[in-house]
Structures are given as structure tokens and as C-alpha cells.
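Me: I'd like to go through the charged side-chain pairs with you. Can you take my questions one at a time?

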Amino acid sequence: MSNIQQAREALGAHLRALRRDAGLNGKEFATRLGWTASKVSKLELGQQTPTSADIEAWARLAGQPDKAAVLAEELAALETFYTEYRRRLRSGMRFRQQEAFETEAKARHIRVFDTHYVPAFFQTAAYARSMLSKGARLHGAPDDVDDAVATRLRRQDLIYRPGKSFHLVVSEAVLHSGAAGPRDMMVTQLDRLVAATTLGPNVKFGVIPFKAEWPVFLDHGFWIIDDNFVIVETIAAELRLTRPEEVQIYSRVFEQLASVAAYGQAARAIITRVLIDRASDSGEPSSPARNI
């Protein structure tokens, strides 16, 4: 799902809330606006983008005309950010990594969940290069991958800064995935993840084992920066959710996922098992975890 589709759905939910506050069902609302019931339904479900006139008419009928400008500006800002994100990526991958560094440097508490990839804070140089090179090709970015990798690795220094805390959770599928690169690269990456389970009280790293029952369905990763906003990346863009209720939902989901994750020795056992299997398949001996 693109961030524009998510924006439409979020706006649709807000429109639905206004209609319900007015005490009208969808058919009644459509009749009073002179619209078809299907239009109201599509707008509320995010299947159609409203015009400014649609939003104004909706808010006026709901008895809250002051909400029209806020909702229209919200959608316009998200659409502009969508275009701006692609423009920024075309200027180079290093620039995006520098933006991430500046955001994370200001934050005190960062929570990360991922279903498919190793979080940036724990990536080896080879893993980061593979990921960033693929991103550069996808977006037609200039060849500045060397600089982008260096900046991504500099982001990892943040986990050692006093006064900051990190809580990262991944699914076990991340350990098995070959999406980022070949098996021999993943052996080194898994070795790095073993070390990540020993970083200390300000860095928690959990793995949700395959056998665990997930308390909530989720098929995408996300970053929560303090309690200020949530970052959701798609292949086309990046969505930043800033509404308090949206941040609260992601915070609640993160806590539920974290509650079924394995930590410390239990997490190391999971990673080590996969590491031994990978090393055996690649013909390389498994090595003891290095400090990161």
C-alpha cells in the first residue's frame, strides 16, 4: 500500500467520524448532499480522493465547517510530501541517510519493527550496500552509494550515545530472508545480530520466533520516533504519521509485538541456530559474534 493510499484511508476515516458525529448514516448523508451512496462509501474507504469542494460540503453538512480547511491541508501536505520524497531520492541516497541521521540524533527513544529486513542500526556494511544499491537502481538515484553506506554506518554510532534508548524487534523471517543478498553475506550479518543481543540496557533487541502467535496482523515495518511521529516506508515513498491517535495505535501494536519476542539468551539461540544453518549451507565456518 502506498503512502498516498494510506493518506486517503486516513482522511476517509476522519470524514466517516464527522458523518457519524452528525448522526447520519451513509445513505442519508449522500441524499442530503445530492450524491450517490457509492460516492460517500468510496470517500470513507479511501477508494476515491475528495476534491476541496467535496470536503467543504461534507464538513458543512456535518455541522463542522471549520474542519474542512484542516482536512484539505492534511491531504495536500501528504500528496506534496509524496512527490518531494521521490525528488529527494533522485538527488542521491546519501541525502536520505543524512536526513535519517539528523532525525535520530534528536530523538531520545526510538522503536523499530521490521518483518523483512535487518534494521539500519544493526546492518553490516555489505548488507547496507546491497540494500542501498537496490534502492538507488529503483529510484534512478545518482551513484553515491559509497557515501550513503558511510552515513548509514554513522547512524549506528547513535546507539552508544548517553541519554538515548532503542527497542528493536524483528520477525524470525528476517534471519532467513535472502532478499538483501547472498547466503555468505547473511552469515556475517547474522553474526552481527548475535552481538546486538548483548548491547546493554539502553538497547533492546528482540526476535519474534516462528512458533509465536502474533497478537496483531501486520505486514510492514515501522519506526516510532519518541512519541512524536511514526515512519512507514514503502517502495514508492515514506509516510510520516503525526496524529496522536495514530502514534498511539502504532505504539500499542509495537508493545503487543514486543511482548511475544525473545530477548537476550533466547534471541541468541534463535539467531545462532539460523547462523549455523547458513554457515553450513555456504560452506563457511560460523564465527563468534563481534562487537558492533
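Me: Is R129 buried, partly exposed or exposed?

Reply: In this predicted model, R129 counts as partly exposed, because its relative accessibility is 37%.

Me: And which residue does R129 form a salt bridge with?

Reply: R129 forms a salt bridge with D146, and the closest N and O atoms of the two are 2.6 Å apart. The pair links distant parts of the chain, since R129 sits in helix α7 (residues 125-139) and D146 in helix α8 (residues 145-155), 17 residues apart. D146 counts as exposed, with a relative accessibility of 52%.

Me: Changing topic, how many salt bridges does a search of the whole structure find?

Reply: The search of the whole structure finds nine salt bridges. One of them pairs E255 with R111, with 4.0 Å between the closest N and O atoms.

Me: Why does that pair tie together parts that are 144 residues apart in sequence?

Reply: Because E255 belongs to helix α11 (residues 244-258) whereas R111 belongs to strand β1 (residues 109-114). E255 counts as partly exposed at 41% relative accessibility, while R111, at 5%, counts as buried.

Me: What about R273, which side chain does it meet in a salt bridge?

Reply: R273 meets the side chain of E172, at 2.6 Å from N to O. R273 is in helix α12 (residues 264-282) and E172 in the loop between β2 (165-171) and α9 (173-176), so the pair links distant parts of the chain, 101 residues apart.

Me: Is E172 buried or exposed?

Reply: E172 counts as buried, at 4% relative accessibility, whereas R273 is partly exposed with a relative accessible area of 41%.

Notes: Residues numbered from 1 in each chain as written. Predicted model: local features only at pLDDT ≥ 70, side-chain atom pairs only at ≥ 80, totals over all residues. Heavy atoms only, no water. Helix = DSSP H or I, 4+ residues; strand = E, 2+ residues; numbered from the N terminus. Buried < 20%, exposed > 50% of the residue type's maximum accessible area, 1.4 Å probe, protein only.
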